[in-house]
Each structure stands twice: as C-alpha cells, then as structure tokens.
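Please look at the sequence and the model before reading on.

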Amino acid sequence: SRAGLFGIMNASFRGALEHYLVPRREVTHSQAVCGLYRKCLKTLGSWCVDREVFNEEATRVQQLFRANANLSEGQGAVLLKDGVEELAKYTHPDKYIHA
C-alpha cells in the first residue's frame, strides 16, 4: 500500500515518487460493464479451444449482457457485482496468453 511505502522513504524519495504516481480515475458503470464483458470473453477464450464452441458461448454471453442493458442503475450495480464474483469462479488456472 502507499502508506506503508511512504513510511520507509525519506522526503526526497517521496517527492520523486509522487511525481510519477498517477491517481486512479473513477470508472463509470458503462466502462465497468464493458470491462466485465471483455474479461468474460477472454476467460471464455481460455476454456474454449474450438472456435465454433467459443462463438456459440460468446453469443450466449452477449445475449445475457444485452438482456440486462435497460435495467436501473441500482439493479445494474448489483448485477455487476454478481458478475464479477461469478467470473472469478470461472477463471482459468492456466490462462491463454496471446503471443
């Protein structure tokens, strides 16, 4: 964490480090949903070796996301949280990395 890191540095190093630290920007709900969708497809690519199977499953995932596109912000936030938790369950132990 930043607090632990700053505790062991002297003032000159802290000043130099603060120059390079970029504050995290807030992510909108739409950006978070798009990120989740992208991570879902990447995870799916790790599990599906056959392209036809990938396309079928990707279409199913797309339909799930589109079916929930017009929900209220509160319902969307709950679904987003649930989606992130569900994605964690399906994360591949040996992810496919594109060369």
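Which residues in α3 meet which residues in α5? H29, A32, V33, L36, K39, C40, T43 and W47 are the residues in α3, and they meet G76, A77, L80, G83, V84, L87 and Y90 in α5. Meeting here is contact, defined as heavy atoms within 4.5 Å.

## Basis of the report

The model is predicted, with local features needing pLDDT of at least 70 and side-chain atom pairs counting only at pLDDT 80 or more, while totals for chains, interfaces and linings use all residues. Residues are numbered from 1 along each chain as its sequence is written, and side-chain values use heavy atoms, with hydrogens and water left out.

## Helices α3 and α5

Helices are DSSP runs (H or I, at least four residues), numbered from the N terminus. Helix α3 covers 29-47 and helix α5 covers 73-90. The axes of α3 and α5 cross at roughly 20° and come within 10 Å. An axis is a line fitted to C-alpha atoms, for helices over the stretch in contact, and angles run from 0 to 180 degrees between N-to-C directions. Because of this angle, α3 is roughly parallel to α5; angles under 35 degrees count as roughly parallel, over 145 as roughly antiparallel, 65 to 115 as roughly perpendicular and the rest as oblique.

The crossing in which α3 passes α5 is left-handed. A crossing is left-handed if the near helix is turned anticlockwise from the far one by less than a right angle, and right-handed if clockwise. By class, the contact of α3 with α5 has 10 nonpolar, 4 polar and 1 charged residues. In this count Ala, Val, Leu, Ile, Met, Phe, Trp, Tyr, Cys and Pro are nonpolar, Asp, Glu, Lys and Arg are charged, and the others, Gly among them, are polar.

## Helices α3 and α4

Helix α4 consists of residues 51-67, and α3 packs against α4 at an angle of about 160°, with the axes 10 Å apart. The angle therefore makes α3 roughly antiparallel to α4. Here the crossing of α3 past α4 is right-handed. On the α3 side the contact uses V33, L36, Y37, C40, L41, L44 and G45, and on the α4 side F54, E57, A58, V61, Q62 and F65. Sorted by class, the contact of α3 with α4 has 10 nonpolar, 2 polar and 1 charged residues.

F65 is placed in helix α4. Is F65 buried, partly exposed or exposed? At 24% relative accessibility, F65 is partly exposed; buried means under 20% relative accessible area, exposed over 50%, and partly exposed in between, with a 1.4 Å probe and protein chains only. Not counting residues up to four places away in sequence, F65 touches V33, L36, Y37 and C40. F65 and L36 are 29 residues apart along the chain, and their C-alpha atoms are separated by 9.9 Å.

## The nonpolar core

Which residues form the largest nonpolar core? It has 5 residues: L36, C40, V61, L80 and L87. A nonpolar core is a set of buried Ala, Val, Leu, Ile, Met, Phe, Trp, Tyr and Cys residues joined through side-chain atoms within 4.5 Å. Helices α3 and α5 each supply at least two residues of this core. With neighbours within four places in sequence left aside, L80 is in contact with H29, A32, V33 and L36.

## Buried and exposed residues

T43 lies in helix α3 and is buried, at 14% relative accessibility. Leaving aside neighbours within four places in sequence, T43 is in contact with L87, Y90, T91 and H92. S46, also a residue of helix α3, is buried with a relative accessible area of 12%.

V84, in helix α5, is partly exposed at 47% relative accessibility. V84 and K39 are 45 residues apart in sequence and 9.4 Å apart in space, C-alpha to C-alpha. D94 belongs to the segment after α5 and is exposed, with a relative accessible area of 59%. The C-alpha atoms of D94 and G76 are separated by 30 Å, at 18 residues apart along the chain.
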